[in-house]
Amino acid sequence: MDSVLHLVAGFTLDFSSLPQQLVNGLVIGAIYALIALGYTMVYGVLRLINFAHGEVFMLGAYTALLTSYTMGFTPELVKKGVMQGHPLTSSPFNLVILILASMAVCAVIGAVIEFLAYRPMRNQSRIAALITAIGVSLFLQYGGQLFLPANPPPSVVQEVNPFQGVINHSFRKAVIAQDGSVTSPAIELTVTQGKVIMLVTVVVLMGLLTYLVMYTRAGRAMRAASHDFDSASLMGVNVNRVVTFTFMLGSALAGAGAMMLATFEGTPLQPFYGLLPGVKAFVAAVLGGIGNIPGAVLGGIVMGLAETLVVWLGFSQYKDAVAFVILIFVLLLKPGGLLGSDKVEKV
């Protein structure tokens, strides 16, 4: 016990901030899970890793930005005070419009990418499809620099979000000091209303996705194509329609995650906005078992918690590297992921 206390004291861990970090990890993990579902659904049907999925996420964030501009929430008008007292400023329907716009645009983009880039490569080798996916990703990243505002990086103005308040909760928990004494300072837990909305929205979307996949005709067709693509086609399933629908569904979920991250977190946007979240979501999908929908959710949550625990340990500069460390360990120890199959496939 003493050695454990010395180890804890050596790292100067602040246990009072742990609940806050876990909540933050849960929220960002839910967003990763939402993006990871796009990777895992496409892979489940086509055995294709859609590396352009992160760029669809980026376009979803820009759609939220441009939609907010269309509604009048431009930095110039906000700075002049034009939006102050405006009915739209306090309307929750702003968020509904933004998320529906992002989901719709991303769904269309996903269908266009599938039709123009991936469908012609469907009967080609997997490496050809993989190179195509990387090419589409680079095309969207660098092509976006030509027509998307990026300098200086814009962000969705805070005025579009009427839920800017915070929810505070205070409780007490014993803390072991370096000298071994035990104190019990108050632990403050602060969660913004935006993060609560993000978490609830992700849970609702995942519930709808589960219902769609398990209890609808379209979901049965997706599961049939995922089980055996050719046999499903012979049994009368329109596989082209299933694939397009799968791309649209995964892209729409990425659009929802992008809108929430851009709006509630206010992060600046640029054409490489989706690169890092896309990579982390891909690792989350691999961690959970790519092709497995519950696995993608589990992987996303684990990724989010791991990232924030690294920050809590005092290594915030390495929080992005934890994704690659997890990927290496997964590939070495359990290539099929936590809930996936251990069957080895060549790409």
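**Ground rules.** I am working with a predicted model, so I note that local features need pLDDT of at least 70 and side-chain atom pairs count only at pLDDT 80 or more, while totals for chains, interfaces and linings use all residues. Residues are numbered from 1 along each chain as its sequence is written, and side-chain values use heavy atoms, with hydrogens and water left out.

**Entry 1: α2 and α7.** I looked up this pair and found an angle of about 30° with the axes 9 Å apart. (Helices are DSSP runs of H or I, at least four residues, and strands are runs of E, at least two, numbered from the N terminus; axes are lines fitted to C-alpha atoms, for helices over the stretch in contact, and angles run from 0 to 180 degrees between N-to-C directions.) That makes α2 roughly parallel to α7. The crossing of α2 past α7 is left-handed, meaning the near helix is turned anticlockwise from the far one by less than a right angle; clockwise would be right-handed. On the α2 side I listed residues including Leu26, Val27, Ala30, Leu34 and Met41, and on the α7 side residues including Met198, Val202 and Leu209. Contact here is heavy atoms within 4.5 Å. By class I get 14 nonpolar, 1 polar and 1 charged. (Ala, Val, Leu, Ile, Met, Phe, Trp, Tyr, Cys and Pro count as nonpolar, Asp, Glu, Lys and Arg as charged, and the others, Gly among them, as polar.)

**Entry 2: α2 and α3.** The angle between α2 and α3 (residues 53–70) is about 135°, and their axes lie 10 Å apart. That makes α2 oblique to α3. I found a right-handed crossing for α2 past α3. Ile35, Gly38 and Tyr39 of α2 touch His53, Gly54 and Phe57 of α3. The classes come to 3 nonpolar, 3 polar and no charged.

**Entry 3: α8 and α10.** I read an angle of about 105° between α8 (residues 217–227) and α10, with the axes 10 Å apart. That makes α8 roughly perpendicular to α10. Ala218, Ala221, Met222 and Ala225 of α8 meet Val242, Phe245, Thr246 and Leu249 of α10. This contact has 7 nonpolar, 1 polar and no charged residues.

**Entry 4: the second largest pocket.** Its volume is about 450 Å³, the space filled by probe spheres set on grid points that are joined across faces, edges and corners. (On a 1 Å grid over the protein atoms alone, a pocket is an open set of points where a 1.4 Å probe fits, with protein on both sides within 12 Å along at least five of seven lines; lining residues have an atom within 4 Å of a point.) Which residues lie nearest its centre? Of the 21 lining residues, they are Ile28, Tyr32, Leu261, Glu307 and Lys319. The largest share, 5 residues, comes from α2. The lining has 10 nonpolar, 5 polar and 6 charged residues.

**Entry 5: backbone.** I noted a cis peptide bond joining Asn151 and Pro152, with omega about 0°. Pro152 sits in the loop between α6 (126–147) and β1 (166–172). Arg47, in the loop between α2 and α3, has a positive phi near 60°.

Terms used:
Angles under 35 degrees count as roughly parallel, over 145 as roughly antiparallel, 65 to 115 as roughly perpendicular and the rest as oblique.
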